[in-house]
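Please examine the sequence and the model shown here before reading on.

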Amino acid sequence: MTSHARLRTITDDLHIWSPQPSTGWGMANCGLLSPRRGRTAAWIDSPYDRARALEFLELGRPLLAEGARIDRVIVTHGNGDHLWGAEVVPEAEVIATRETLGHIDHEPDPEQLHALVHGIDPDTVLGWYLRRSFGRFDWSGTEVRRPGTVFTGELELQVGDIPVHLIALPPAHTAGDLLVHLPQQGTVFTGDVVFAHTADQPGDHPVHWAGPLAGVVSACERALATGASTFVPGHGPILDREGVQGHIGYLEYVRERAHRLHTAGVPALEAACRVIAERRHPGMSLPERLVVTIATEYRHLEGGGGLPDMLATVSQVAQVAWELEHPGLPTPRAAEQPSADRP
Ligand SMILES: [Zn+2]
């Protein structure tokens with residue numbers, strides 16, 4: 001079997017599944033909570049497609065106590081790259097915030113996304129971008145497991161002998177994010193309120209759909225307020241407290257630039273292009289995602305919340321990515337067939 005990931009042990013009852021490559025759309029981290037006693041175990045998020053989810057299941061099997069199975073999946077938010085793999089554990093209880101239900105209904109479902117990515121003309125800019133970004137995934141026949149247990153506020157769980165503290169967040173990355181705090185392990189799973197990179201490990205620019213960025217900063221501060229020392233981001237390398245502080249610095253920079261450019265009357269797309277051109281974070285890939293994050297911030301500045309038209313927004317993202325990678329070339333044009341294995 002092709003290996004899609006690495007499994008890393010944090011404590012003897014907590015393991016992190018990190019996809020390879022570790023950057024690119026949809027390459028999200030997952031957790032396995034495997035108590036040393038009892039017949040229970042839990043996932044924190046699930047991989048994006050069936051092949052990766054089955055691989056996570058197989059890699060984790062030797063780490064489970066005798067007779068245990070994955071009977072819960074805690075979902076940090078409703079994006080498919082954290083939820084759709086739950087179909088491989090159909091008996092498991094899926095747990096999320098109440099707002100996540102609404103988010104799932106807003107996103108394209110797996111069949112729609114599969115048909116779009118694999119059916120679109122790759123000689124268009126959007127087709128080039130979607131194939132390159134999502135062509136590695138196979139969602140044919142995927143059924144979305146809708147969360148059967150939802151909550152608001154906070155929820156205390158026990159997975160065997162492991163206490164699990166779930167904290168629902170105000171709108172940040174999506175309208176339904178949560179933090180998973182594991183006090184015994186000194187660890188927080190942040191979901192996509194953190195997209196991490198470090199000096200020696202690459203990462204992606206965040207993409208925030210709900211916002212505002214002040215909400216994302218508050219979510220990071222809430223994660224730090226647990227007192228934990230280890231932070232598993234939705235994407236990218238595991239961070240310490242200083243790493244989360246550094247990420248807050250990134251978010252504050254983007255927020256400050258967006259506000260200044262908005263005040264100056266610069267349209268959102270042009271503002272994103274200017275911030276990208278500043279290249280303040282050259283170690284982070286997918287700079288074109290600033291188009292989404294800055295458009296989100298502008299919506300809030302203009303008094304509107306809600307979610308964007310995803311296809312229209314991703315079309316703009318694709319256009320900016322094309323221009324960054326093919327400076328001076330006209331668009332649309334026949335793009336070379338991209339490799340699905342590229343990040
Ligand atoms: Zn994600």
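The following paragraphs describe the zinc site, the pockets and cavities, and then individual residues.

The model is predicted, so local features are reported only at pLDDT of at least 70 and side-chain atom pairs only at pLDDT 80 or more, while totals for chains, interfaces and linings use all residues. Residues are numbered from 1 along each chain as its sequence is written, and side-chain values use heavy atoms, with hydrogens and water left out.

**The recorded domain and the zinc site**

An unreviewed UniProt entry lists residues 27–235 as "domain: Metallo-beta-lactamase"; such annotations may be inferred rather than shown by experiment. Over residues 27–235 the chain is 27% helix and 28% strand. The end C-alpha atoms of this stretch are 7 Å apart. Helices (H or I, at least four residues) and strands (E, at least two) are DSSP runs, numbered from the N terminus.

Which residues coordinate the zinc ion? They are Asp81 (OD), His82 (NE2), Asp192 (OD) and His235 (NE2), at 2.1 to 2.3 Å. Along the chain, the donors of the zinc ion follow the spacing D-H-x109-D-x42-H. Aspartate 81 lies in helix H2 and aspartate 192 in strand E11, so the pair ties together parts that are 111 residues apart in sequence. Donors here are N, O and S atoms within 2.8 Å of the metal (3.2 Å for Na, K and Ca); water is not among the atoms, so sites may look incomplete.

The site of the zinc ion is irregular, with angles of 88 to 160 degrees among its 4 donor atoms. Four donors count as tetrahedral if all angles lie between 85 and 135 degrees; four count as square planar and six as octahedral if opposite donors are over 155 degrees apart and all others between 65 and 115; anything else is irregular.

Aspartate 81 counts as buried at 8% relative accessibility, and aspartate 192 counts as buried at 2%. Buried means under 20% relative accessible area, exposed over 50%, and partly exposed in between (1.4 Å probe, protein chains only).

**Pockets and cavities**

Rolling a probe the size of a water molecule over the atoms shows where empty space is left. On a 1 Å grid over the protein atoms alone, a cavity is a set of points where a 1.4 Å probe fits but cannot get out, and a pocket is an open set with protein on both sides within 12 Å along at least five of seven lines; lining residues have an atom within 4 Å of a point. Grid points are joined across faces, edges and corners, and a volume is the space filled by probe spheres set on the points.

| Space | Volume | Lining by class |
|---|---|---|
| Largest pocket | about 450 Å³ | 14 nonpolar, 6 polar and 4 charged residues |
| Second largest pocket | about 250 Å³ | 6 nonpolar, 6 polar and 2 charged residues |
| Largest cavity | about 40 Å³ | 7 nonpolar, 1 polar and 2 charged residues |

In these classes, Ala, Val, Leu, Ile, Met, Phe, Trp, Tyr, Cys and Pro count as nonpolar, Asp, Glu, Lys and Arg as charged, and the others, Gly among them, as polar.

The largest pocket is lined by 24 residues, and Trp25, Tyr48, Phe134, Trp209 and Met310 lie nearest its centre. Helix H10 gives the most to this lining, with 3 residues.

Of the 14 residues lining the second largest pocket, Arg6, Ser18, Gln20, Gln201 and Pro237 are the closest to its centre. Strand E2 provides the largest share of this lining, 3 residues.

The count comes to 3 cavities of 30 Å³ or more. The lining of the largest cavity includes Tyr48, Arg52 and Asp81.

**Features of the backbone**

A cis peptide bond, with omega about -5 degrees, joins glutamine 20 and proline 21. Proline 21 lies in the loop between E2 and strand E3 (30–33). The bond from glycine 211 to proline 212 is also cis, with omega near 0 degrees.

Where does aspartate 45 lie? Aspartate 45 is in the loop between strand E4 (40–44) and helix H1 (50–60). Its phi is near 65 degrees, a positive value in a residue other than glycine. Aspartate 45 is buried, with a relative accessible area of 2%. Arginine 279 has a phi near 50 degrees, again positive in a residue other than glycine, and counts as exposed at 59% relative accessibility.
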